[in-house]
Amino acid sequence: MRRIFLLLALALLAVDAAAQQYPERRQVRKGNRAYEKGDYQDAAGRYMRALAADPASFEARYDLGNAFYRQELYDQAAQALQQ
């Protein structure tokens with residue numbers, strides 16, 4: 001029983017360590033949840049935080065463009081999508 005508990009604890013630590021490698025993913029997921037609720041302003045903020053953590057994130061930049069578009073900020077949407 002103790003071995004199973006120890007193996008489970010080690011597995012959870014490994015998963016947590018792997019998640020730390022991509023901090024922008026958490027912000028993108030939170031942005032996606034806000035976007036689905038129709039809170040495009042919050043979603044855009046989350047996507048911008050993701051881009052601050054990883055400026056090369058295609059997903060965050062694409063989603064940011066969509067969030068700007070939904071807010072009718074067409075120039076900013078075009079700029080985000082062109083990058």
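This is a predicted model: local features need pLDDT of at least 70, side-chain atom pairs count only at pLDDT 80 or more; totals for chains, interfaces and linings use all residues.

Reader: OK, and at what angle do H4 and H5 pack?

Author: About 165°, and the axes lie 8 Å apart. H4 covers residues 58-70, while H5 covers residues 74-82. Angles over 145 degrees count as roughly antiparallel, so H4 is roughly antiparallel to H5.

Reader: Which residues in H4 and H5 meet?

Author: On the H4 side you have Arg61, Tyr62, Leu64, Gly65, Phe68 and Tyr69. They meet Tyr74, Gln76, Ala77, Ala80 and Leu81 in H5.

Reader: And how does that contact split by class?

Author: Eight of the residues are nonpolar, two are polar and one is charged.

Reader: Switching topic: how many helices and strands in the protein?

Author: Five helices and zero strands. Read from the N terminus, the order is α-α-α-α-α.

Reader: What share of the residues is buried?

Author: 25% of the 83 residues count as buried.

Reader: And what's the accessible surface like?

Author: The accessible surface of the protein comes to about 6,400 Å². Carbon and sulfur atoms make up 55% of that.

Reader: Last one: what part of the contacts links residues 24 or more positions apart?

Author: That's 34%, counted among contacts with a separation of 6 or more.

Terms used. Residues are numbered from 1 along each chain as its sequence is written. Side-chain values use heavy atoms; hydrogens and water are left out. Helices (H or I, at least four residues) and strands (E, at least two) are DSSP runs, numbered from the N terminus. Buried means under 20% relative accessible area, exposed over 50%, partly exposed in between (1.4 Å probe, protein chains only). Contact means heavy atoms within 4.5 Å. Accessible areas come from the Shrake-Rupley method with a 1.4 Å probe; for residues, only the protein chains shown count as cover. Axes are lines fitted to C-alpha atoms, for helices over the stretch in contact, and angles run from 0 to 180 degrees between N-to-C directions. Angles under 35 degrees count as roughly parallel, over 145 as roughly antiparallel, 65 to 115 as roughly perpendicular and the rest as oblique. Ala, Val, Leu, Ile, Met, Phe, Trp, Tyr, Cys and Pro count as nonpolar, Asp, Glu, Lys and Arg as charged, and the others, Gly among them, as polar.
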